[in-house]
Amino acid sequence: MKTLAIISLAVLTALGAHSAAAQSYPSKPVKIIVSTSPGGVTDLAARILGQHITAKTGQSVVIDNRAGASGNIAMDALAKSEPDGYTLGVANTGNIVINPYLFPAMPYDPLKDLTPVGVLGTVPLFLVMNSNVPAKSLAEFIAYTKANPDKISYASAGAGTTPDLAAHEFSRRAGLKFVMVPFRGTGPAVQAVLGGDVHATFVSMGPHIEFVRQGKLRVLGAATAQRASYLPETPTFAEQGFPGFETGTWFALFAPRGTPQPIVDQLNGYVRTMQEDPDLKRRLEANFVDPAIMTAAEFAALVKSDAAKWERIVRENNIKLEQ
């Protein structure tokens with residue numbers, strides 16, 4: 001009985017400490033480690049969130065950009081930080097649920113050493129091609145590709161990136177064989193398609209929608225559950241015979257493993273109210289970021305399901321990277 005009383009007291013003390021920490025949190029500046037360099041959507045989402053937390057709490061938020069190694073440098077630093085809510089991280093899909101299956105060895109496990117807090121927004125992918133390609137629909141493009149085996153090229157934004165993996169998955173499901181042409185990033189890949197050197201690629205729409213509006217790029221499919229509001233005439237892949245083909249990138253807040261649940265829930269609340277704030281929502285939507293309001297538990301479930309999906313895609317296409 002004495003042992004049980006001691007254990008009960010220890011549990012109550014720990015719970016009280018966590019409750020007190022949450023009640024006074026944050027009582028000092030918060031640091032957010034970002035997995036990319038300044039600029040770009042991951043960094044933008046982190047900065048908007050930082051400004052929102054400051055507005056809600058009066059505490060400053062410091063953005064710490066640590067680009068490199070496909071986000072592994074930043075997330076490794078986060079995983080090894082104190083789990084007290086004062087060091088957080090903003091990462092994207094690739095950093096968390098793709099890297100573990102691409103790299104033969106990693107200094108941390110993003111699925112075990114990090115706690116999912118909340119999604120800041122999502123950016124879907126679209127299949128685009130040079131406007132001179134004689135295909136007006138996805139079905140026509142598939143037929144054209146099959147009629148020209150080993151002649152239709154795809155501009156890859158980099159092995160293991162979501163656009164690259166999306167192309168592998170689409171070609172597998174459609175029974176196609178693309179000539180994969182590697183580029184260092186989405187920008188050069190899109191330029192190659194615009195110039196007619198390569199036929200097609202997958203892109204997020206933000207930096208490239210003007211090429212679509214000018215008729216220089218043709219969009220044949222949206223890898224989304226519903227049609228995008230900014231491209232309402234573009235059918236989803238599901239509408240064109242590819243149910244469940246939904247792919248893109250989410251940008252999300254993570255904390256080190258062991259961060260008290262009350263603090264995780266409080267941070268999740270900031271993530272959700274950020275996306276509900278009309279001005280901040282407009283800033284995100286101006287960069288073609290769709291809202292994704294979830295509880296911490298719902299986001300944790302998404303991370304788990306996405307990890308299984310991307311593991312399968314990486315394994316089936318035998319894609320590996322050297323760190």
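Mentor: Helix 4, residues 93-102, is largely enclosed by the rest of the structure, because nine of its 10 residues are buried. Buried here means under 20% relative accessible area, exposed means over 50%, and partly exposed covers what lies in between, with a 1.4 Å probe and protein chains only. Helices are DSSP runs of H or I with at least four residues, strands are runs of E with at least two, and both are numbered from the N terminus. This is a predicted model in which local features need pLDDT of at least 70 and side-chain atom pairs count only at pLDDT 80 or more, while totals for chains, interfaces and linings use all residues. Residues are numbered from 1 along each chain as its sequence is written, and side-chain values use heavy atoms, with hydrogens and water left out.

The buried residues of helix 4 are T93, G94, N95, I96, V97, I98, N99, Y101 and L102. Strand 4, residues 114-124, is likewise described as largely enclosed by the rest of the structure, because 10 of its 11 residues are buried.

Strand 4 and strand 10 run antiparallel and are joined by nine bridges, and P124 has G248 of strand 10 as its bridge partner. Elsewhere in the sheet, strand 1 (residues 30-34) pairs with strand 3 (residues 87-92) in the parallel sense over four bridges, with V90 of strand 3 as the bridge partner of V34.

Now turn to a pair of helices. Two packed helices are described by the angle between their axes and the distance between the axes. The axes of helix 2 (residues 41-57) and helix 10 (residues 261-276) come within 10 Å and cross at roughly 110°. That makes helix 2 roughly perpendicular to helix 10, since angles of 65 to 115 degrees count as roughly perpendicular, those under 35 as roughly parallel, those over 145 as roughly antiparallel and the rest as oblique. Helix 2 contributes A45, I48, L49, H52, I53, K56 and T57 to the contact, and helix 10 contributes L267, Y270, V271, T273 and M274. These residues divide into eight nonpolar, three polar and one charged; Ala, Val, Leu, Ile, Met, Phe, Trp, Tyr, Cys and Pro count as nonpolar, Asp, Glu, Lys and Arg as charged, and the others, Gly among them, as polar.

Side chains of opposite charge can pair when their charged atoms come close. A salt bridge is a side-chain nitrogen of Lys or Arg within 4 Å of a carboxyl oxygen of Asp or Glu, and the structure holds 12 of them. One joins the side chains of R47 and D43, at 2.9 Å from N to O. R47 and D43 are separated by about one helical turn, because they are four residues apart in helix 2. R47 counts as partly exposed at 32% relative accessibility, whereas D43, at 5%, counts as buried. K80 forms another salt bridge with D76, the closest N and O atoms being 2.4 Å apart; K80 is exposed, with a relative accessible area of 57%, while D76 counts as buried at 17%. E169, R172, R312 and E316 are linked in a network of salt bridges.

Finally, look at the loop between strand 9 (217-222) and strand 10 (248-256), where T236 is found. T236 counts as buried, with a relative accessibility of 1%. Leaving aside neighbours within four places in sequence, T236 is in contact with A222, T224, A225, Q226 and R227. The side chain of R227 meets that of E239 in a salt bridge of 3.0 Å, N to O. R227 counts as partly exposed at 39% relative accessibility, and E239 counts as partly exposed at 48%.

Methods:
Contact = heavy atoms within 4.5 Å. Axes fitted to C-alpha atoms, helices over the stretch in contact; angles between N-to-C directions. Pairing = 2+ DSSP bridges.
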